[in-house]
Amino acid sequence: MAGDPRPFVLSSRPAPNRGGPFDFLTDFLTRHSIPVSPEQIAPAEGSRAAVATVVALLPALYEQQAVLAWAAFATFWSCLIEPGGTAREQFRILGLFTVGGTVLGGVTSLVAVSPLWGVLPWLVVTALLTGLARTLTPSMALLCTLLSCVMLAGTGFPAHDIREALVIALSFGGGGLWAMLLCLIVWPLHPYAPARRAVGRCYRLLSVMAGEIAAGRLQETIHRQNVRTAIERARGLALQIDAGHASYGMRGRLMASLAGAERLFTAMLAVEHLVETRGLDFEARGTLAAFSALCQHASDAALEPAPDLGHLATEGLGLAASIPATAGPIGELVATSARTLGTLAEGLAQKARLPVDTELPRHVARLTPAIWQHTLRLVVGLLTTYMTSWWLGLDYGFWALVALLLVVQPSGQTTLVRALERVLGTVGGGVLALLLTPFLPGNAQMLAAVAVFVIGAIAMRAVNYTMLVVFISAQFIVVTEMIMPSQGVAWMRMLDNTLGSVIGLLCAFTVCPQRRGQDMDGLLQTAVIGNLRYLASVLDRADPLATDRIQRQAGIDTTRAEFARGSLPVLGGVSAVGEQATQAHALLRALRRLSGEATLLRFDMTAGLCDGDPEAARYWLDTATALEAGQGMADVMRRIESGDVTAEIAALERSGRQSASS
């Protein structure tokens, strides 16, 4: 069929093996909430960032002034935070970062010469900026975090007068403007390249999910978190693409691909629910394994420059046709999913207008107790780290401050994982720099090494955090040896980052330790309301797009509540303890079962095996509305936890299929 580029297709030639021997490691880490995304490698973005950073570093080398290296810092950070997407979105983020960093960098350099009592309040302001920014959208929260890093780095470059502060501010501003010029005018990249990689990521995770189910490893909570997060991130990137880039058609194809991923995700949730409640036979394992391979092909094809939609359509429809009608509920769901994938490829090949949902999930900016607790941890952590660095006399103590700021997260789970990744990445970067030191006798060789490290850091920024830290650490060690030569820079980098990571980890488990969280009741209530609305929409046979939207929001709300429980999957699923935590775990598990049964009912309705129940739909919608208005939810929680609601759904008669209870 047609050969013009599409966001998701399968080439007629064999799909490249992008994971290679690391597939097992990638899948293992993904199952334990340490995502590794080889399809997100971006060498073009890394090459552009290397050119920008090396050029910005030349004035500092030529003038032999360390403060001029702020231009290189600004350039690298700008490339690191560059969001992709439309020029408008890039200009907004990069412009705010350049202006904010210019002001904050200059002011911090003046504050840095103050006595101890003058620096500590500035650290409190930095913690407030980072912590309270959690109420904003993810892009703005990341922007505030990078600006806070600028403030912390400025404490290591004290300016003794206004002139020195202006040099730092102007250097940062110049580096930011140079990065904007390069990214927006001189070397612009395809506005939809990040979105295409994000779409490929969704299908990659679906492949992992199907493969895990086929192997009998049920990790529903982690799958929900990983796939849901990937789909919403890709949706946000795709919706940045507008007619102003003459790419409205590309946005439509990306959104259609995401709609397909959403349907497949819904089906896999239903499959996982069936496996958990009714078991998995040998035939079902085979069909799931074949479907996992199909999703991997779709993921690989998302990166192909000349895709062939016909091949993917043939493979998907062929898999659907090969599954016998007697394969059972799991086989039916897999066949439906494969048929969805094949039909989607055919529709994209014919440039058909497919109905998709272009509405983003709502973002509510509110200061919850959890955010205040997170901010308090940052305040205590930054003050403790600064005092410890001052007491130890560390020359580069601001590295420890930055490490703590990036390690401490609202959840104990992510703080532990981030601390481990930060330490491992720093040690790896330090060892890499030490091994290369004998081969870097002069500035020319060092600049070449910096360029390689920048390419690695930017290319890996969306692949894995540890890999990102490895290249960033090696880069900053070499840059420091160039502009501020001293003995043992690599060892100091490893010491400072380890110090900041350890203090951050201690703060996460000692300062307002996360047991249940003061806002857990609110999160649980929101999750219950969302799932009841989804159940009502399914029973009422509402518009499919509206039901998709309600299901997405319910999934997001449930994931937030799961995430707030403080579980530590990297250690094998250790969770918060206590009676309240046990109750929350039981309710969330019951909600997952309820959602799975409602999803299974939705597929049965679509297949004509079951009718809706408008009366029950009105009842559950009224119940959700009453809960939202403040009515106590003890009775509803009891019915959900006991499984009564799930049993009522499963008991609905399906024509042509045995009841769930048989």
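Rings of Phe, Tyr and Trp (its six-membered ring) pair if their centres lie within 6.5 Å; planes under 30 degrees apart count as stacked, over 60 as edge-to-face and the rest as tilted. The model here is predicted, so local features need pLDDT of at least 70, side-chain atom pairs count only at pLDDT 80 or more, and totals for chains, interfaces and linings use all residues. Residues are numbered from 1 along each chain as its sequence is written, and side-chain values use heavy atoms, with hydrogens and water left out.

**Exercise 1.** Find which residues the ring pairs link into a cluster.

*Solution.* Start from the total: the structure holds 13 aromatic pairs. Ring pairs then join Trp70, Phe73, Phe76, Trp77, Phe97, Phe157, Phe172, Tyr396, Phe398, Trp399 and Phe476 into a cluster.

**Exercise 2.** Classify the pair of Tyr396 and Trp399.

*Solution.* Take the distance and the angle in turn: the ring centres are 4.8 Å apart and the planes meet at 20°, so this pair is stacked. Next, look at accessibility: Tyr396 and Trp399 are both buried (under 20% relative accessible area; exposed is over 50%, partly exposed in between, with a 1.4 Å probe and protein chains only). Finally, look above the ring: Arg493 lies over the face of Trp399, 5.0 Å from the ring centre (CZ of Arg or NZ of Lys within 6 Å of the ring centre and within 35 degrees of the ring normal).

**Exercise 3.** Do likewise for Tyr619 and Trp620.

*Solution.* With 4.9 Å centre to centre and 70° between the planes, Tyr619 and Trp620 are edge-to-face. Tyr619 has 43% relative accessibility and therefore counts as partly exposed, while Trp620, at 5%, counts as buried.
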